[in-house]
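Visitor: I would like to learn how to read a structure like this one. Where do we start?

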Amino acid sequence: MSTPQVVVVMGVAGTGKTTIGPLLAARLGVPYAEGDDFHPPANIAKMSAGTPLDDDDRAPWLDSIGAWARERAGLGGVVSCSALKRSYRDRLRAAAPGLLFLHLSGSRELIEDRMGHREGHFMPTALLDSQFATLEPLQEDEAGVVVDVSGRPEEITERAVAGLGSSAG
């Protein structure tokens with residue numbers, strides 16, 4: 001990618017956004033922002049209790065991520081954000097036109113297995129079904145690519161870089 005882009009690493013919980021995001025940012029030579037850090041404490045408490053967020057809960061979170069992305073326009077950056085619904089991605093694009101989306105995608109079985117092995121994260125495996133039920137995959141008119149999350153993080157990152165390079169070119 002010749003012009004620094006702002007890339008949103010998206011997907012359901014457990015796809016590896018927090019793992020792939022920093023690796024991708026390092027490869028692109030741009031800063032990384034962890035989407036979970038933009039959540040207000042009330043959202044984290046709600047998810048920790050096993051309660052899915054609703055659109056009202058997500059609005060200030062999406063607006064904060066959008067503001068970060070807008071500040072990085074022309075400079076490049078990578079931010080993780082589930083961005084499960086088209087309306088969420090539209091809200092992010094309204095704040096920061098020109099975003100590219102990297103949709104990390106995998107089978108429910110693979111994602112559940114990965115979630116079961118991670119430590120110190122507030123999102124319980126019990127919310128995985130609601131994540132998949134909410135997911136609206138990228139549409140043809142949305143700038144971005146879908147990358148399979150099977151394999152090692154380095155392999156996934158390589159596929160991401162190649163896909164984004166094709167998408168941006």
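Guide: With one cut-off: contact means heavy atoms within 4.5 Å. Keep in mind that this is a predicted model.

Visitor: Which residues does phenylalanine 101 touch, not counting residues up to four places away in sequence?

Guide: Phenylalanine 101 touches Val8, Met10, Ala83, Arg89, Leu92, Arg93, Leu138, Ala143, Gly144, Val145 and Leu164. Residues up to four places away in sequence are left out of that list.

Visitor: Which residues touch the most other members of the largest nonpolar core?

Guide: The general idea comes first. In soluble globular proteins, nonpolar side chains tend to be buried together. Here the largest nonpolar core has 39 residues. Leu24, Cys81, Leu92, Leu99, Phe101, Leu102 and Leu104 touch the most other members.

Visitor: Which elements each supply at least two residues of this core?

Guide: Among the helices, take helix 1, helix 3 (55-72), helix 4 and helix 7. Among the strands, take strand 1 (6-10), strand 3 (77-80), strand 4 (100-105) and strand 5.

Visitor: Let us take a helix. How do I read which residues of helix 1 are buried?

Guide: Think in turns. An α-helix has 3.6 residues a turn, so residues three or four places apart point the same way. Now the case. Helix 1 covers residues 17-28, twelve residues in all. From first C-alpha to last it reaches 16 Å, close to the 16 Å expected at 1.5 Å a residue. Lys17, Ile20, Gly21, Leu24 and Ala25 are buried in helix 1. Seen down the axis of helix 1, these buried residues fall within an arc of 135 degrees, so they line one face of the helix.

Visitor: What comes just after helix 1?

Guide: Glycine 29, with a positive phi of about 70 degrees.

Visitor: Now charges. How many salt bridges does the structure hold?

Guide: The cut-off is a side-chain nitrogen of Lys or Arg within 4 Å of a carboxyl oxygen of Asp or Glu. The structure holds 14 salt bridges. One of them joins the side chains of arginine 27 and glutamate 158, at 2.2 Å, N to O. Arginine 27 lies in helix 1 and glutamate 158 in helix 7 (residues 153-168), so the pair ties together parts 131 residues apart in sequence.

Visitor: Why does arginine 27 count as partly exposed?

Guide: Buried means under 20% relative accessible area, and exposed means over 50%. Arginine 27 has 43% relative accessibility, so it counts as partly exposed. Glutamate 158, at 44%, also counts as partly exposed.

Visitor: Which residues are linked in a network of salt bridges?

Guide: Arg86, Arg89, Asp90, Arg93, Asp141 and Glu142. Take two pairs. Arginine 86 forms a salt bridge with aspartate 141, with the closest N and O atoms 2.9 Å apart. Arginine 86 is in helix 4 (residues 86-95) and aspartate 141 in the loop between helix 6 and strand 5, 55 residues apart. Arginine 86 is partly exposed at 23%, and aspartate 141 is exposed at 57%.

Visitor: And which side chain does arginine 89 meet in a salt bridge?

Guide: That of glutamate 142, at 2.7 Å, N to O. Arginine 89 is buried, with a relative accessible area of 0%.

Visitor: Is glutamate 142 buried or exposed?

Guide: Buried, at 5% relative accessibility. Glutamate 142 lies in the loop between helix 6 (128-134) and strand 5 (144-148). Leaving aside neighbours within four places in sequence, glutamate 142 is in contact with Arg86, Arg89, Arg93 and Pro137.

Definitions and conventions
Residues are numbered from 1 along each chain as its sequence is written. This is a predicted model: local features need pLDDT of at least 70, side-chain atom pairs count only at pLDDT 80 or more; totals for chains, interfaces and linings use all residues. Side-chain values use heavy atoms; hydrogens and water are left out. Helices (H or I, at least four residues) and strands (E, at least two) are DSSP runs, numbered from the N terminus. Buried means under 20% relative accessible area, exposed over 50%, partly exposed in between (1.4 Å probe, protein chains only). The expected span of a helix is 1.5 Å times one less than its number of residues. The arc is that of the directions from the helix axis to the C-beta atoms. A nonpolar core is a set of buried Ala, Val, Leu, Ile, Met, Phe, Trp, Tyr and Cys residues joined through side-chain atoms within 4.5 Å.
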